[in-house]
Amino acid sequence: TKTRDNVILREMRLGDGDQYEGEKMRRSAERLNRLRYFSAIDSELIPTDRPDEVDLKIKVKEDNTGALMGGIGYSTYYDVTASIMERNLFGRGYQVQLQGFFSWRRTSGVFSFTNPRVYDTDLSFGNDIYYIYDYWDDFTKETIGDTIRFGYPIGEYTSVGIGYRLERYDLYDVDADASPYISDYKGTNWTSAISARILRDTTDDRARPTKGTIARLWAEYGGGGLGGTDNFIKAVADWQGFWSINPENTFHLRARVGGVFQNTSSRVPVFERFWIGGIRSIRGYSYDDISPRDPVAGETIGSDRMGYANFEYIWVVKPDLGLAFVPFYDVGFNADSEQCSSVFDKVYSSAGLEVRWRSPMGDLRFAYGYPLSKNADGTKRNSGRFEFSMGQAF
């Protein structure tokens with residue numbers, strides 16, 4: 001009743017006049033399922049007056065494709081998050097999202113638009129317009145920017161993409177004794193950066209995979225011949241694997257590693273460095289807990305080398321409710337290459353339990369991580385750290 005026929009047909013791996021193949025039909029259903037537009041997908045072979053031909057009828061039941069999401073977390077950056085999203089705007093497959101982040105440290109808004117198949121071709125296009133107001137202990141930063149994205153598949157499971165980011169930011173209220181990573185960028189600055197990525201995804205479900213792998217390599221080049229005041233080169237590699245004993249029991253491993261390097265003799269600004277910790281990386285720690293510090297000023301400056309791994313066992317105890325218990329173990333490093341002889345000088349680890357529930361109010365995540373290592377400053381937490389997030393479909 002909503003989705004247009006071309007949005008469904010362009011995902012099919014069988015077309016008029018093709019020889020029927022069960023594997024292509026399975027892949028077609030998988031691709032339709034990964035769109036997350038439908039709650040049920042079925043196919044039917046209909047006999048014709050010719051013994052060597054059949055008609056193929058695809059039946060889908062449309063699902064809610066909008067989402068109203070919120071989250072609460074004890075984080076250096078975000079306390080409250082909210083967003084509204086539509087994954088299938090006008091039934092054409094367009095994705096639109098408006099996000100807001102609110103805390104005493106940060107206020108930001110992002111408007112994103114993505115067309116996954118421009119004119120039904122394999123080319124995708126996206127645009128992100130954003131505004132960010134950051135209040136840090138030693139400075140205030142106000143940013144407005146725009147990112148343009150293009151993507152294209154190479155094969156059935158792999159895609160490549162490029163992007164361009166242009167932003168203008170003002171750095172003010174900078175403390176006199178602030179780190180050079182901050183004070184060097186006082187005033188008005190421009191970031192002009194081009195990025196590229198390659199992604200291979202063989203998972204069976206985009207939202208809740210039970211088998212397959214995801215491998216991603218991403219790099220960004222800022223400054224140099226592109227102009228702007230920020231000069232850096234950043235590269236990140238990410239890999240995930242899913243293995244299931246049955247649909248209710250899945251092992252999940254994720255490994256991520258990254259580095260940021262000087263493009264010229266100028267320092268990499270603190271906001272282009274890595275800030276890890278929390279529910280998306282190493283649970284049980286905040287961003288400040290495991291961030292390297294300026295050896296003179298003593299303040300957190302982020303890292304230029306990072307890596308972490310998440311080991312999870314996803315046990316779905318109530319499939320009809322989507323209720324799952326997820327015990328986990330996280331381990332990683334977050335280092336400044338100028339201050340350490342090896343990135344493994346300080347390794348951080350944590351263990352805990354996460355509860356995931358596909359409730360009537362939306363997808364809920366409750367995570368409690370207990371740190372097993374000392375913080376970057378040598379102190380040790382006496383208790384674990386709790387985070388919570390929520391999403392609502394409509």
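**Figure 1. Salt bridges of Glu354 in the predicted model.** Glu354 forms a salt bridge with Arg356, the closest N and O atoms lying 2.8 Å apart, where a salt bridge is a side-chain nitrogen of Lys or Arg within 4 Å of a carboxyl oxygen of Asp or Glu. Glu354 is buried, at a relative accessible area of 0%, whereas Arg356 counts as partly exposed at 22%; buried means under 20% relative accessible area, exposed over 50%, and partly exposed in between, with a 1.4 Å probe and protein chains only. Glu354 also forms a salt bridge with Arg365, for which the closest N and O atoms are 2.5 Å apart. This second pair links distant parts of the chain, with Glu354 in strand 16 (residues 347–359) and Arg365 in strand 17 (residues 362–371), 11 residues apart; helices (H or I, at least four residues) and strands (E, at least two) are DSSP runs, numbered from the N terminus. Arg365 is partly exposed, at 28% relative accessibility.

The structure is a predicted model, in which local features need pLDDT of at least 70 and side-chain atom pairs count only at pLDDT 80 or more, while totals for chains, interfaces and linings use all residues. Residues are numbered from 1 along each chain as its sequence is written, and side-chain values use heavy atoms, with hydrogens and water left out.

**Figure 2. The salt bridge between Arg31 and Glu156, and the network to which both residues belong.** The count of salt bridges comes to 37. One of them joins Arg31 to Glu156, with the closest N and O atoms 3.1 Å apart. Because Arg31 lies in helix 2 (residues 22–34) and Glu156 in the loop between strand 8 (140–153) and strand 9 (158–172), the pair ties together parts that are 125 residues apart in sequence. Arg31 counts as buried, at 16% relative accessibility, and Glu156 is partly exposed, with a relative accessible area of 28%. Through salt bridges that share partners, Glu11, Arg13, Glu23, Arg26, Arg27, Glu30, Arg31, Arg117, Asp122 and Glu156 are joined into one network.

**Figure 3. A nonpolar surface patch to which strand 8 contributes the largest share.** Leu123, Ile148, Phe150, Tyr152, Ile154, Ile162, Ile198 and Leu217 make a nonpolar surface patch of about 680 Å². Patches are made of residues with over 30% relative accessible area and no salt bridge, like charges being joined within 9 Å and nonpolar side chains (Val, Leu, Ile, Met, Phe, Trp, Tyr) within 5 Å; accessible areas come from the Shrake-Rupley method with a 1.4 Å probe, and for residues only the protein chains shown count as cover. Strand 8 supplies 3 residues of the patch. Ile148, which is found in strand 8, is partly exposed, with a relative accessible area of 32%.

Figure 4. A search of the whole structure finds 14 aromatic pairs. The ring centres of Trp239 and Trp243 are 6.1 Å apart and their planes stand at 40°, so this pair is tilted. Rings of Phe, Tyr and Trp (its six-membered ring) pair if their centres lie within 6.5 Å, and planes under 30 degrees apart count as stacked, over 60 as edge-to-face and the rest as tilted. Trp239 counts as partly exposed at 33% relative accessibility, as does Trp243 at 44%. Phe333 and Phe344 form an edge-to-face pair, 5.1 Å from centre to centre with 70° between the planes. Because Phe333 lies in strand 15 (residues 323–335) and Phe344 in the loop between strand 15 and strand 16, the pair ties together parts that are 11 residues apart in sequence. Phe333 is buried, at 11% relative accessible area, whereas Phe344 is exposed, at 56%. Elsewhere, ring pairs link Trp136, Phe139, Tyr169, Tyr185, Phe271 and Trp275 into a cluster.

**Figure 5. Arginine side chains over aromatic rings.** Arg273 lies over the face of Tyr181, at 4.6 Å from the ring centre, and Arg283 lies over the face of Phe328, at 3.8 Å from the ring centre. A charge sits over a ring if NZ of Lys or CZ of Arg is within 6 Å of the ring centre and within 35 degrees of the ring normal.

**Figure 6. Confidence along the protein chain.** The mean pLDDT of the chain is 89, and 95% of its residues reach 70 or more, pLDDT being the predictor's confidence in each residue, from 0 to 100. Confidence is lowest in strand 3 (residues 66–73), at a mean of 66, and highest in strand 11 (residues 212–222), at 97.
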